[in-house]
Each structure stands twice: as C-alpha cells, then as structure tokens.
Amino acid sequence: MKEKIALFGAGGKMGVRLAKNLKKSDYRVAHVEVSQAGQQRLKEELGVECVSIDAALDNVDVVILAVPDTLIGKIAAEISPKLRAGVMVMTLDAAAPFAGHLPDRPDLVYFVAHPCHPPIFNDETTQEGRRDFFGGGAARQSITSALMQGPESAFDLGEDVAKVIYQPILRSYRLTVDQMAILEPGLSETVCATLLYAMKQAMDETVRRGVPEEAARDFLLGHMNILGAVIFKEIPGAFSDACNKAIQNGLPRLLRDDWLNVFDHDEIAESIRRIT
C-alpha cells in the first residue's frame with residue numbers, strides 16, 4: 001500500500017474534488033471534515049466516511065490542508081504536536097507559507113502545490129473537457145509545486161500527490177514559494193483578475209451607451225480570442241498599425257507608469273497579509 005494521506009477540509013468544494021481524485025489512486029486516505037453538511041456530501045457523492053483528527057493523523061505520511069488560507073495557520077499549529085518527524089504538510093496555495101503561518105518545525109516537510117487551471121488555448125476534444133474550466137476533472141491542466149523545507153528526496157512524493165489530486169496533468173513545474181506567490185496573488189489575481197474585471201466593466205459601459213448586450217459580449221470575447229492568440233504566440237501574426245496605435249494611446253490612459261511594481265516583494269507580501 002502507498003503512503004497514508006490525511007485530507008483536512010475533505011467535505012469542502014476543493015476537498016471533494018481532491019477526495020474524488022485520491023479515490024482513484026493507491027494512496028490510503030483518511031478524510032477529516034468538521035461540518036455535518038460536508039460529511040454528508042462526502043458520504044453521498046463518494047461513499048466516504050470521515051474520521052477523527054487523531055485517527056487521521058495516526059501513522060500519517062502526508063497531511064493535505066484543503067482549507068481556507070485564513071485557517072491554515074490555526075489548523076497547522078493544532079496538529080503540529082501530533083505529527084512525527086518527516087511527515088509532509090501540504091498546502092494548496094503559497095499565501096500562508098509565504099506569510100510564515102506554518103509552525104516552526106524544521107523536522108517536518110512543507111510542500112506547496114497549486115493548479116494552473118486548464119488553459120484557454122487547449123486541444124480538449126470532448127464537451128466535458130471544454131467546459132471543465134476549473135480543472136481536476138475532464139480537462140488537462142498544468143501544476144506548480146514547491147518544496148519549502150525538507151530533504152530533496154521528499155519532492156518526488158509531493159509532486160506525485162499533486163499530480164493525483166489535480167489530474168489529468170498537462171505539465172508539472174517546480175518553483176520556489178516566492179515564485180508561486182508572484183504567480184498568485186501577483187500575476188493571476190492582482191493583475192489578471194483585475195484587468196478582466198475592468199474588461200467586463202468596459203463591456204457593460206458599451207451596453208450602457210446603446211450597444212446590444214449579446215453583440216457586445218460576442219464582440220469582446222471573440223476579440224479576446226484572436227488578440228490573445230497573437231499576443232501569446234499561439235498563431236503567427238501581428239496587429240494592424242491601427243491596433244498598435246490604439247494600444248500605445250490606451251496604455252497611459254488605462255495603466256499607471258509604475259504598475260509593474262505590484263510584483264515587488266513588499267507589495268506581494270502586503271497583498272498576502274490582507275488575505276491571510
């Protein structure tokens with residue numbers, strides 16, 4: 001039998017996704033869920049019974065904390081005294097580890113694994129795959145992993161668990177915790193989510209000015225597709241002179257000159273402080 005995994009938060013949205021994929025593996029899994037609704041959901045959807053914290057941690061090899069960032073520090077501190085040396089504690093986001101919320105236990109392994117989610121440009125051939133926007137179900141996605149502390153030999157186990165919980169996998173990248181924090185919240189949320197939110201506001205403004213909503217949506221999403229394909233080099237091509245001029249005129253109108261400073265370490269740290 002493979003290693004024993006204790007899955008905390010097993011009945012939550014993310015936890016159930018992970019539990020479903022872990023059920024397909026050879027890992028021995030102990031499910032921990034405090035809410036009655038979550039326990040019932042696991043039982044109904046997966047036929048899984050939850051166990052106590054002590055039972056889950058008995059002779060455990062890997063602890064996965066599929067819980068909100070704000071709870072990771074509290075839960076990690078509570079279970080730390082129950083863990084023997086060498087146990088791997090895995091978080092699904094770099095925020096709490098980056099912020100220093102994990103206990104000071106040099107004899108534990110700390111591992112971070114986070115999904116990239118299925119890419120916009122993909123070769124999914126099924127409707128289910130094309131509609132799996134989150135990943136971990138029908139569509140392939142890449143993953144990022146970081147061995148924050150522990151022996152080098154521990155990385156293979158952490159990456160293997162990550163590949164199981166986030167399957168099916170496109171590519172797997174090894175990063176540092178700092179690099180993962182640059183990607184999220186930096187790149188994915190502070191930049192990407194904010195700009196996409198602004199694009200939706202822009203679309204709503206065109207509707208307010210008289211453009212039919214369906215036409216505005218189709219026009220914007222269609223242009224996102226072709227413009228994105230050119231910018232990210234999915235296809236050969238270049239923008240027209242008119243488009244390039246519009247970009248040069250739009251950049252100073254829409255973005256501050258110093259906007260790339262959102263990737264500075266202090267800015268990333270402050271962003272993470274607010275969410276943890």
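Which strand does His-114 lie in? Find the residue in the structure above, and you'll see that His-114 belongs to strand β5, which runs over residues 109–115. Keep in mind that this is a predicted model.

Let's zoom out. The chain has 11 helices and seven strands. Its C-alpha trace spans about 65 × 40 × 35 Å along the principal axes. Of the 276 residues, 38% count as buried. If you take the contacts in the chain with a separation of 6 or more, 66% of them come from residues 24 or more positions apart.

Over residues 4–89 the chain is 43% helix and 19% strand, and the end C-alpha atoms are 12 Å apart. For residues 122–276, UniProt lists "domain: Phosphogluconate dehydrogenase (decarboxylating) C-terminal". The span 122–276 is 59% helix and 10% strand, with its end C-alpha atoms 33 Å apart.

Now pick a helix to look at: α4, residues 69–79. Its buried residues are Asp-69, Ile-72, Gly-73, Ile-75, Ala-76 and Ile-79. Here's a handy rule for reading a list like that: an α-helix has 3.6 residues a turn, so residues three or four places apart point the same way. What do the buried residues of α4 pack against? They pack against the strands β1 (4–8), β3 (62–65) and β4 (88–91), and also against the helices α3 (53–57), α5 (95–98) and α11 (265–275).

His-114 has a relative accessibility of 14%, so it counts as buried, the cut-off being under 20%. Its side chain reaches the backbone oxygen of Leu-92 at 2.7 Å. Leaving out residues up to four places away in sequence, His-114 touches Leu-92, Asp-93, Ile-143, Thr-144, Tyr-166, Met-180 and Glu-184.

A search of the whole structure turns up one aromatic pair. The partners are Phe-111 and Phe-155, with ring centres 5.6 Å apart and planes at 50 degrees, so the pair is tilted. Because Phe-111 lies in β5 and Phe-155 in helix α7 (residues 154–165), the pair ties together parts that are 44 residues apart in sequence.

The charged end of Arg-174 sits over the ring of Phe-155, 4.1 Å from its centre.

Next, go to Ser-142 in strand β6, residues 141–149. With a relative accessibility of 6%, Ser-142 counts as buried. A polar atom of the Ser-142 side chain lies 3.3 Å from the backbone nitrogen of Arg-171. Setting aside neighbours within four places in sequence, Ser-142 is in contact with Pro-115, Cys-116, His-117, Leu-170, Arg-171 and Tyr-173.

Two residues on that list deserve a stop. How many disulfides does the structure hold? It holds zero. Cys-116 is in no disulfide, and the nearest cysteine sulfur, that of Cys-192, is 12 Å away. At 38% relative accessibility, Cys-116 counts as partly exposed. Then there's His-117, in the loop between β5 and α6 (127–130). His-117 isn't a glycine, although it has a positive phi of about 75 degrees. His-117 counts as partly exposed, at 26% relative accessibility.

Lys-233 also has a positive phi, near 60 degrees, and it isn't a glycine either. Look for Lys-233 in the loop between α9 (213–231) and α10 (241–254). Its relative accessible area is 70%, so Lys-233 is exposed.

Let's finish with the backbone at two prolines. The peptide bond from Gln-167 to Pro-168 is cis, with omega near 0 degrees. Pro-168 lies in the loop between α7 and β7 (169–174). A cis peptide bond also joins Glu-184 and Pro-185, with omega about 20 degrees. Pro-185 is found in helix α8, residues 177–208.

How values were computed: Residues are numbered from 1 along each chain as its sequence is written. This is a predicted model: local features need pLDDT of at least 70, side-chain atom pairs count only at pLDDT 80 or more; totals for chains, interfaces and linings use all residues. Side-chain values use heavy atoms; hydrogens and water are left out. Helices (H or I, at least four residues) and strands (E, at least two) are DSSP runs, numbered from the N terminus. Buried means under 20% relative accessible area, exposed over 50%, partly exposed in between (1.4 Å probe, protein chains only). A polar contact is a pair of N or O atoms within 3.5 Å; within protein, one must be able to donate a hydrogen and the other to accept it, and residues adjacent in sequence count only if both atoms are side-chain atoms. Contact means heavy atoms within 4.5 Å. Rings of Phe, Tyr and Trp (its six-membered ring) pair if their centres lie within 6.5 Å; planes under 30 degrees apart count as stacked, over 60 as edge-to-face and the rest as tilted. A charge sits over a ring if NZ of Lys or CZ of Arg is within 6 Å of the ring centre and within 35 degrees of the ring normal. A disulfide is a pair of cysteine sulfur atoms within 2.5 Å. UniProt positions are given in the numbering used here, feature names are shortened, and annotations may be inferred rather than shown by experiment.
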